[in-house]
Amino acid sequence: NNFEYDPEFKRWWETQRQRKLNIEKTCQKYGSVLRYKINKANLMYDPNHKLLFCRNAKVGTTTWLQHFLQLSSSNTNFKSSKSLHYRVPLLFPFSKEDPAAKILAETTVSFSMVRHPFERLVSAYQDKLVDNSAPIYAKLKTSLVNTYGNISFPNFVKGVLSQGKKNCRHLSHCRINLHWLPFISRCAYCSVPYAVISKAETFEEDKRFIGMMAGIQFEDIQEHKSSGGGTDELARKYFEQLDRQTVDELYEFYKVDFEMFGYSPEVYQTYAN
C-alpha cells in the first residue's frame, strides 16, 4: 500500500478525516433519531474488489454504475440509463450471508457520494420534470398540475415540502421520491462508518483515490448532462423564483444534510426574492 505515503493521497485523506469528523459531530448532535438499520437494497457490494457503495440518487450515480458494470463479469452494455439503474445493482447484491453493513463498511473500501442539497434539487427537477417524458413522471406532473396549477419550480418545491411533512416525520423513516430524499435518510451515515465520503465537487479526485485504495483504475466515462446549462446557472434561475420563507423551509427540511456534509444555503438565500 505505497499510496499511503503519497503526499497527494495524504492531503486527500486528511480532507476525508475532516469530512468524517463532521459527520460524527452531526450524529452526536442529533442522537438516536439518526441511527437506524440501513436498507441493504441501497448498498452495492463487490466482494472481488472489496468495494461497498451506498448510492444517493442524482449524485453521480449513473457514472458509478457504469464503473461497477466495468468491474463486473457482465459484458452487457445497457442502452438506457433506466436499465443501467435497475440492472447493475442486481449484479452486486448485498446478500444474507454477507456480514452486517457496519462491519462490512469497516473492512472494505466503503463509500458514498453527496452534493449540495439545493443543487441536487434543481438537477432533479430539471432532469425528471423538465427533460423527462417517462410515464412514471407523468403521474407526478399531473398531480402537481392538479394541486398547484402547473409544474413550475416553485410548485415542485411546494410538492416536495408537503410530501416531506406527510411522509418524512422522522429522517430515519422517510418515504419520498429517491431523487429528493435527504441523504441521511438513505445511507444511514450515523450507523454505517463509510471509509470515504465523496462529493460532487471533488468527484474526479475522490474517484482516483477510491480506485487507488481498491487497486483499480477506473476508466473515463461520458458524464450524464441535463439540459438548460450548468447547474449553477439553473440554480440561480430557479431559486430566484422562490421567496425567502420557502428557501428557509427547504433548508429546514434538508438541514441535517447541510450540517453533516458542510454545505451552506447562503448563496441560495440571496437568490430568493
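**Close-up views of a predicted model**

**View 1. Residue classes in the lining of the second largest pocket.** The lining of the second largest pocket is made up of eight nonpolar, three polar and five charged residues. The model shown here and in the other views is predicted. In total, 16 residues line the second largest pocket, and C168, R169, L171, E252 and F253 are those nearest its centre. At least two lining residues come from each of the helices α7 (153-167), α11 (244-253) and α12 (255-261). The space in the second largest pocket amounts to about 280 Å³.

**View 2. The open four-stranded sheet.** Four strands form an open sheet in the order β1-β2-β3-β4, and their pairing is mixed. At the edges are β1 (43-46) and β4 (196-199), each of which pairs on one side only. On average, neighbouring strands of this sheet are turned by 20° against each other, with direction ignored.

**View 3. Pairing of β2 with β3.** Strand β2 (residues 51-54) pairs with strand β3 (residues 109-114) in the parallel sense, over four bridges. One of the residues to look for is L51, whose bridge partner in β3 is V109.

**View 4. Helix α1 against helix α9.** The axes of α1 (residues 7-30) and α9 (residues 203-214) come within 11 Å and cross at roughly 105°. Helices α1 and α9 are therefore roughly perpendicular to each other, since angles of 65 to 115 degrees are counted that way. On the α1 side, the contact involves E8, F9, R11, W12, W13, Q16 and R19. These residues meet E205, D206, R208, F209, I210, M212 and M213 in α9. Sorted by class, the contact of α1 with α9 contains seven nonpolar, one polar and six charged residues.

**View 5. Helix α5 against helix α10.** Helix α5 (residues 117-130) and helix α10 (residues 231-239) have axes that come within 9 Å and cross at roughly 85°. From α5, the residues in contact are F118, E119, V122, S123, Y125, Q126 and V130. From α10, they are T231, D232, L234, A235, Y238 and F239. The contact of α5 with α10 has eight nonpolar, three polar and two charged residues.

Terms used. Residues are numbered from 1 along each chain as its sequence is written. This is a predicted model: local features need pLDDT of at least 70, side-chain atom pairs count only at pLDDT 80 or more; totals for chains, interfaces and linings use all residues. Side-chain values use heavy atoms; hydrogens and water are left out. Axes are lines fitted to C-alpha atoms, for helices over the stretch in contact, and angles run from 0 to 180 degrees between N-to-C directions. Angles under 35 degrees count as roughly parallel, over 145 as roughly antiparallel, 65 to 115 as roughly perpendicular and the rest as oblique. Contact means heavy atoms within 4.5 Å. Ala, Val, Leu, Ile, Met, Phe, Trp, Tyr, Cys and Pro count as nonpolar, Asp, Glu, Lys and Arg as charged, and the others, Gly among them, as polar. On a 1 Å grid over the protein atoms alone, a cavity is a set of points where a 1.4 Å probe fits but cannot get out, and a pocket is an open set with protein on both sides within 12 Å along at least five of seven lines; lining residues have an atom within 4 Å of a point. Grid points are joined across faces, edges and corners, and a volume is the space filled by probe spheres set on the points. Two strands pair if DSSP finds at least two bridges between them.
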